[in-house]
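My notes follow in the order I took them.

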Amino acid sequence: MSAAIETLWTRKHLLGLEDLSADEINTILKTAASLKEVSLRPIKKVPALRGKTIVNLFFEPSTRTRTSFELAAKRLSADTINIASSSSSLTKGETIIDTVNNLEALKVDAFVVRHASAGVPNLIAQHARASVINAGDGAHEHPTQALLDLFTIQEHRKKIAGLKVSIIGDISHSRVARSNIWGLTKLGAEVTVCAPPTLLPVEIERMGVQVTHDANEAVENADVLMLLRIQHERQETQLIPGIREYRLRYGIDAQRLEKAKPDLLIMHPGPVNRGVELDSFAADGKSSVILDQVTNGVAVRMAVLYLVIGAPEGTPLEGAVV
Ligand code: CP
């Protein structure tokens, strides 16, 4: 275990990074750094959340986030229940709030919520006695993804302040981009977003980022390159001429990486659409930290769960992790 961490955390919910201070973000990252070694033990379990019950409420598909939250909860000894909307009574006309009220009657401690509509985790938080953690809501926020991205950058670069981070892809429809922009700028990184004009929100500069439509420029200046897939499921009209055109202008391949910095980090939240935003050369190459992001997701989600439902204010983490 690393040095004692006094928890600077008083929040009941984690709904996004927009509202968090740099100190709060750093508290999560430091707690995750202490918890990461639990996953390297032969017996990957500590008693920090023994007796707590966590419900994963996923109204949208997920591979990484749902699995990672479940593993994080189990490694902290919490009981977990997974509910997918397709197999719940939501299909019989029950409202989300009624579903939540019924689950609360079973004395649960936290809901981890993913939903295709922005604001659903906030709505549940207004009604629930239990804590709510946003696991991705529409194009609004995906706070734990951005936290694991920050953790991964810090692990590889030992800092975040002053780094140049370029985010290339469908910025308009990306909750990952929004949460990362909040987190990266609060911790002092310089963020550039790069996309065709039709995939950029109007006035995105007001979030404190630079804008370019030139992928070569975004690559050449970057210490960290984050790629995003085109989120066809959130687009109501065709916003680009075609995938082939997009790949030619914005896809990352060996040629586009020729002028990149030698120590560039390539990141992607997944799922990757190989051959569109990222060629296999880049996705699997020496600069890629994509699978490190997945690994770090467990430590970061352990930290979030511990801080939100397990840590009395001011207690050192060491007491809970033995
Ligand atoms: N990055 C991410 O949210 O992946 P999943 O959709 O698989 O959870």
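I take the radius of gyration over C-alpha atoms, and the globule rule is 2.2 Å times the number of residues to the power 0.38. I note that the model is predicted.

Overall build. I put the 322 residues into the rule and got a radius of gyration near 20 Å for a compact globule. The protein has 19 Å, so the two agree. I then looked up the extent of the C-alpha trace: about 55 × 50 × 35 Å along the principal axes. I counted 10 helices and nine strands.

I took the contacts with a separation of 6 or more and asked what share joins residues 24 or more positions apart. The share is 74%.

Surface and charge. The protein exposes about 13,900 Å². Carbon and sulfur atoms supply 52% of that area. I have 36 positive and 37 negative charges, and their mean positions lie 5 Å apart.

Helix α1. I checked its length next. Helix α1 covers residues 22–35, which is 14 residues. At 1.5 Å a residue it should span 20 Å, and its end C-alpha atoms are 20 Å apart, so the length agrees. Which residues of α1 are buried? I list Glu24, Ile25, Thr27, Ile28, Leu29, Thr31, Ala32, Ser34 and Leu35. What covers the buried residues of α1? The cover includes α5 (143–157), α6 (175–186) and α10 (290–310).

Technical notes:
Residues are numbered from 1 along each chain as its sequence is written. This is a predicted model: local features need pLDDT of at least 70, side-chain atom pairs count only at pLDDT 80 or more; totals for chains, interfaces and linings use all residues. Side-chain values use heavy atoms; hydrogens and water are left out. Helices (H or I, at least four residues) and strands (E, at least two) are DSSP runs, numbered from the N terminus. Contact means heavy atoms within 4.5 Å. Accessible areas come from the Shrake-Rupley method with a 1.4 Å probe; for residues, only the protein chains shown count as cover. Lys and Arg count as positive and Asp and Glu as negative; His and the chain ends are not counted. The place of a charge is taken as NZ of Lys, CZ of Arg, CG of Asp or CD of Glu. The expected span of a helix is 1.5 Å times one less than its number of residues. Buried means under 20% relative accessible area, exposed over 50%, partly exposed in between (1.4 Å probe, protein chains only).
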